[in-house]
Amino acid sequence: MDAYDAGSNARQGRDEQGGRGRPDRPDGPDGQAPSEPSGGPVGTGGGPAETGGPVEAEDEAETGTGAAAGIGAGPRVTPAGPGQASAELRTGVAALSPRYQVGAVVALAVVAVAVCAHIGLVFLHVAPSNTLTKQHGAAVDEWVYPEFEQNWKLFAPNPLQQNISVQVRAEVTTAEGAIRTTGWYDLSAEDGRSIEGNPLPSHTQQNELRRAWDFFVATHDSDDRPVGPRGTLAEAYLRRIAALRLDRNEAAGPGGVVERVQYRSRTTNVEPPPWSGEKVSDRPVYRELPWWPVSVDTEDGDAEDGTAKEGGAA
């Protein structure tokens with residue numbers, strides 16, 4: 001049976017309905033294709049074999065002249081050698097040279113050790129007091145603070161039931177040389193107004209002042225004296241926030257200079273729901289801190305510069 005017989009049930013390489021038939025190939029007598037000229041090696045479909053296996057296979061697939069044309073011819077795949085097959089199968093780290101494979105394994109091991117150490121230190125930080133935290137608590141705190149600080153306030157059984165408002169005032173030297181004291185600026189209320197109605201408030205507006213005040217309270221005793229070097233750092237942080245906020249509010253006035261600042265907190269109890277029957281005081285409680293000079297950092301820097309200049313001149 002001829003593979004190009006239109007009346008047969010053989011599967012054609014490309015049907016005439018798609019416009020890709022072979023009308024340019026003249027038929028021989030009795031509707032058969034003319035025989036190919038001899039003089040060369042005969043291919044699988046009876047035609048002369050050409051150099052290049054894949055091209056011959058593609059032609060056979062398109063024309064249907066192959067031995068499997070009546071079954072469903074397809075491109076003939078030339079089998080690759082063992083070396084080529086193994087190179088194609090190697091992917092990812094396995095495709096690297098042994099030298100780079102060792103480097104990748106070492107890098108992954110270092111990252112894994114660092115991640116495990118970080119998770120272990122954070123776990124010790126939030127875990128209850130135990131033998132390890134008693135012996136190595138300072139090392140754990142040095143790693144965790146301030147970037148990785150954790151707390152359980154979100155899951156606390158007794159969440160905060162007080163509103164704490166942080167306020168500040170300044171002692172200003174006016175342009176005429178007089179000394180005046182400003183009124184109290186409610187910094188917490190300013191942050192609240194900037195957050196209200198803002199669908200995407202900044203982290204600074206939400207947490208800067210609150211975290212700074214919590215940091216101060218945690219590092220000072222009841223007499224507002226710093227406990228360790230972190231207490232001094234908390235004071236410097238609050239002093240810097242006060243200077244920036246007062247400058248934003250133009251508290252010094254034209255030609256004035258802010259000399260000292262003073263903080264205070266105003267704590268009020270949150271009113272309990274009516275059904276609880278609990279009674280709490282609605283009177284605010286104030287905590288005033290001592291006056292802090294805002295030019296301490298500048299004066300220290302000038303002193304250090306002066307010392308350095310004198311040393312250089314000597």
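Predicted model: local features only at pLDDT ≥ 70, side-chain atom pairs only at ≥ 80, totals over all residues.
Turning from the surface to the interior, 20% of the 314 residues of the protein chain count as buried.

The protein chain contains eight helices and six strands, and, read from the N terminus on, these elements follow the order α-α-α-α-β-β-β-α-α-α-β-β-β-α. If we consider the contacts between residues at least 6 apart in sequence, we find that 52% of them join residues at least 24 apart.

One pair of helices can be followed in detail. Two packed helices are described by the angle between their axes and the distance between the axes. For helix α5, which covers residues 187-195, and helix α6, which covers residues 203-218, the axes come within 9 Å and cross at roughly 160°. Because angles over 145 degrees count as roughly antiparallel, α5 and α6 are described as roughly antiparallel to each other, and their crossing is left-handed. On the α5 side the contact is made by Leu187, Ser188, Asp191, Ser194 and Ile195, while α6 contributes Gln205, Gln206 and Leu209.

Ala236 lies in helix α7, which spans residues 229-248, and Ala236 is partly exposed, with a relative accessible area of 25%. Although Ala236 and Trp292 are 56 residues apart in sequence, their C-alpha atoms are 9.4 Å apart in space.

Methods. Residues numbered from 1 in each chain as written. Heavy atoms only, no water. Helix = DSSP H or I, 4+ residues; strand = E, 2+ residues; numbered from the N terminus. Buried < 20%, exposed > 50% of the residue type's maximum accessible area, 1.4 Å probe, protein only. Contact = heavy atoms within 4.5 Å. Axes fitted to C-alpha atoms, helices over the stretch in contact; angles between N-to-C directions. Parallel < 35°, antiparallel > 145°, perpendicular 65-115°, else oblique. Left-handed = near helix turned anticlockwise from the far one by under 90°.
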